[in-house]
Each structure stands twice: as C-alpha cells, then as structure tokens.
Amino acid sequence: MEGYKTIAELSKEWNLTVRRIQKLCSEGKLPGAKKIGTIWAVPEGVERPIDARVKTGQYRNWRKRKEK
C-alpha cells in the first residue's frame, strides 16, 4: 500500500511494541489510521504521539500510603 505503513514497520521505527501501536490506533491517537480487515494501515507522515502515562512511580503503593 503506497502512502501507508504497517504496525510492524512503525514498531521498529518508534521502538514500541506492536500491541501498543494497535492500542494507539484503536483509541484514535494516530490520525488517519484505517483498519483494513484485521490489519491497521497508518499514513506515512504521522508523528509519534506523546506518551502521557505516569512513569515516575508516583502512584506505586498508594493504598499503603493512604491516611487513616
């Protein structure tokens, strides 16, 4: 498909797992991504979205730190 990349190609390019890119596609965070049958097709010019997940460990063991 001209003008589109597969999830496997983006996975190698962005250093993300295939599952993570599938999740981004299904959540609509990759504009222009289309599902053709069982395969996602992502436009070539799409930029990698910013990862907004919390990675600091701020919420680790939050139940234990709860005030009584």
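Here are some notes on this predicted model, point by point.

1. Start with the helix pair. H1 covers residues 7–14 and H2 covers residues 18–26. The two pack at an angle of about 115°, and their axes are 9 Å apart. That makes H1 roughly perpendicular to H2, since angles from 65 to 115 degrees fall in that class. As for hand, the H1 and H2 crossing is right-handed.

2. Which residues make the contact between H1 and H2? From H1 come Ile7, Leu10, Ser11 and Trp14, and from H2 come Val18, Ile21 and Gln22. Sorted by class, that contact of H1 with H2 has five nonpolar residues, two polar ones and no charged ones.

3. Ser11 deserves a look of its own. This serine sits in helix H1 and has a relative accessible area of 14%. Ser11 therefore counts as buried, the limit being under 20%. A polar atom of the Ser11 side chain lies 2.5 Å from the backbone oxygen of Leu16. Leaving aside residues up to four places away in sequence, Ser11 touches Leu16, Thr17, Val18 and Ile21. Two of these names, Val18 and Ile21, also turn up on the H2 side of the helix contact.

4. Is Lys5 buried or exposed? Lys5 is in strand E1, residues 4–6, and its relative accessible area is 19%. Because the cut-off for buried is under 20%, Lys5 goes down as buried. I'd keep the value and the cut-off side by side when you read that label.

5. What does the Lys5 side chain pair with in a polar contact of 2.5 Å? The partner is the side chain of Glu13. With residues up to four places away in sequence left out, the neighbours that Lys5 touches are Leu10, Glu13, Trp40, Ala41, Val42 and Glu44. Leu10 is also one of the H1 residues in the contact with H2.

6. Next, the loop between H1 and H2, where Asn15 lies. Asn15 has a relative accessible area of 68%, so it is exposed, with over 50% as the threshold. Its phi is positive, about 60°, although Asn15 is not a glycine. Most residues other than glycine have a negative phi. For a sense of placement, Asn15 and Trp40 are 25 residues apart in sequence, and 17 Å separates them in space, C-alpha to C-alpha.

7. Asn61 is another residue with a positive phi that is not a glycine, the angle being near 55°. Asn61 is found in the segment after E3. At 46% relative accessibility, Asn61 is classed as partly exposed.

8. Ile50 lies in the segment after E3 too. Which label does Ile50 get, buried or exposed? With a relative accessible area of 80%, Ile50 is exposed. In space, the C-alpha atoms of Ile50 and Lys29 are 9.7 Å apart, and along the sequence these two are separated by 21 residues.

9. Arg63 is exposed, at a relative accessible area of 64%. How far apart are the C-alpha atoms of Arg63 and Gly3? The separation is 48 Å, for two residues that are 60 residues apart along the chain.

Key:
Residues numbered from 1 in each chain as written. Predicted model: local features only at pLDDT ≥ 70, side-chain atom pairs only at ≥ 80, totals over all residues. Heavy atoms only, no water. Axes fitted to C-alpha atoms, helices over the stretch in contact; angles between N-to-C directions. Helix = DSSP H or I, 4+ residues; strand = E, 2+ residues; numbered from the N terminus. Parallel < 35°, antiparallel > 145°, perpendicular 65-115°, else oblique. Left-handed = near helix turned anticlockwise from the far one by under 90°. Contact = heavy atoms within 4.5 Å. Nonpolar A, V, L, I, M, F, W, Y, C, P; charged D, E, K, R; others polar. Buried < 20%, exposed > 50% of the residue type's maximum accessible area, 1.4 Å probe, protein only. Polar contact = N/O pair within 3.5 Å; in protein donor to acceptor, adjacent residues only side chain to side chain.
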